[in-house]
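Reader: I'd like to learn how to read the features of a fold. Could you walk me through them?

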Amino acid sequence: MKAVKQNRILKGVLIACAAVILILSVALAVTAVKNKNFRANGDSAAQAYASLSEENASINEARAKEAESYQNQIQEQGAAFSSEKDALNQTIADLNKQISIKHASQAAEKATASAPSPAPAEQQGSTDLSAKTIYLTFDDGPSARTPEVLQILADNGVKATFFVKNGGKYNHYMQDIVAQGHTIALHTYTHSYSGIYASDEAYLNDLQQISDLVYSETGVRTKIMRFPGGSSNTVSKKYNQGVMTRMTQKVTEMGYLYYDWNLSSGDAAGGTVPASTIINNCRKVPRNNTVIVLMHDAGDKQTTVEALPAVIAYYKAAGCSFAAIDENTPLIHQKVAN
């Protein structure tokens with residue numbers, strides 16, 4: 001009876017152990033399946049992430065290319081706009097030049113019509129204008145007026161001489177002066193009397209500066225020059241007694257040829273001198289057959305531009321010839337007063 005009872009207990013224990021083993025086996029199987037599914041899911045997620053990353057990279061690359069394309073289009077449009085703008089500005093500048101020249105011509109015709117008839121030639125100190133050579137000279141350029149002056153000279157087939165200073169943004173017109181066959185000559189770099197006539201050294205430094213500027217702009221190293229105010233100026237006395245006496249001698253020793261004038265247009269008096277006054281002044285021809293006419297190419301000399309066609313027409317009608325100053329031109333010097 002006791003043995004039967006023990007067998008039952010043992011059998012129960014075995015059944016319990018079998019049940020436990022069965023449960024553990026099932027649990028392990030379930031865990032394995034879950035792990036397998038997890039790994040599968042993980043691989044799938046990784047693949048999905050990689051695919052998404054590639055897609056994002058492709059999108060970003062496409063956006064970058066699109067942005068670059070837009071940028072290129074913008075730059076091309078900007079370049080085209082800039083080119084059109086430059087062309088438009090040039091067209092406007094050409095039109096303004098033509099309008100200015102037309103106004104100058106109309107003003108000159110009006111001034112000529114209103115100007116009184118000149119006195120007979122013999123009363124002006126000349127008996128034979130056809131023997132005279134007119135040297136039109138322009139001081140204080142280049143300026144905004146330079147293209148207008150050059151156009152009028154070209155229209156009339158006349159060569160002239162430009163005594164230039166540092167014209168800043170207009171300095172490139174020096175090239176046009178030379179290219180059109182005119183004489184470019186030295187005037188001053190600063191045109192500041194108090195500066196250039198402060199000492200002998202100051203004047204010579206200023207002269208060298210304008211010489212170097214002309215050379216850098218045109219490639220021309222000229223020896224033709226004109227003193228600011230002319231060699232007869234007395235303003236220099238305020239700054240340096242005797243400077244003109246010394247400098248006229250010094251520049252001659254250095255090989256320069258300085259030219260004054262023997263006929264003034266009167267336009268140095270200001271920018272509002274009437275064109276008719278300038279025309280009449282230019283008719284007062286001296287006895288000398290070498291006639292050097294002083295005019296100005298400064299920005300405020302609009303009436304000089306207006307008078308120029310009529311001045312040229314008068315000299316042509318009188319039989320005069322025209323020339324630009326060169327190293328063979330007879331020297332015209334005023335009396336040094338300092």
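Reader: Which residues in helix 2 (residues 146–156) are buried?

Author: First, the ground rules. This is a predicted model, in which local features need pLDDT of at least 70, side-chain atom pairs count only at pLDDT 80 or more, and totals for chains, interfaces and linings use all residues. Residues are numbered from 1 along each chain as its sequence is written, and side-chain values use heavy atoms, with hydrogens and water left out. Helices (H or I, at least four residues) and strands (E, at least two) are DSSP runs, numbered from the N terminus. Buried means under 20% relative accessible area, with a 1.4 Å probe and protein chains only. In an α-helix there are 3.6 residues a turn, so residues three or four places apart point the same way. Here Thr146, Pro147, Glu148, Val149, Leu150, Ile152 and Leu153 are buried. Just after helix 2, Gly157 has a positive phi of about 65°.

Reader: At what angle do helix 2 and helix 8 (residues 302–317) cross?

Author: Two packed helices are described by the angle between their axes and the distance between the axes. Axes are lines fitted to C-alpha atoms over the stretch in contact, and angles run from 0 to 180 degrees between N-to-C directions. For helix 2 and helix 8, the axes come within 10 Å and cross at roughly 15°. That makes helix 2 roughly parallel to helix 8 (angles under 35 degrees). In contact terms (heavy atoms within 4.5 Å), Glu148, Val149, Ile152, Leu153 and Asn156 of helix 2 meet Gln302, Val305, Leu308, Pro309, Ile312 and Lys316 of helix 8.

Reader: Which residues of strand 3 (residues 183–186) lie on each side?

Author: In a regular strand the side chains alternate between the two faces of the sheet. In strand 3, Thr183 and Ala185 are on one side, Ile184 and Leu186 on the other, and all are buried. Strand 3 runs parallel to strand 2 (residues 161–164), joined by 4 bridges; strands pair if DSSP finds at least two bridges between them.

Reader: Where does His187 lie, and is it buried or exposed?

Author: His187 sits in the loop between strand 3 and helix 4 (193–196). His187 is buried, with a relative accessible area of 3%. Beyond its neighbours within four places in sequence, the contacts of His187 are Asp139, Asp140, Phe163, Val164, Ile210, Arg226, Phe227 and Pro228.

Notes: Buried means under 20% relative accessible area, exposed over 50%, partly exposed in between (1.4 Å probe, protein chains only). Angles under 35 degrees count as roughly parallel, over 145 as roughly antiparallel, 65 to 115 as roughly perpendicular and the rest as oblique.
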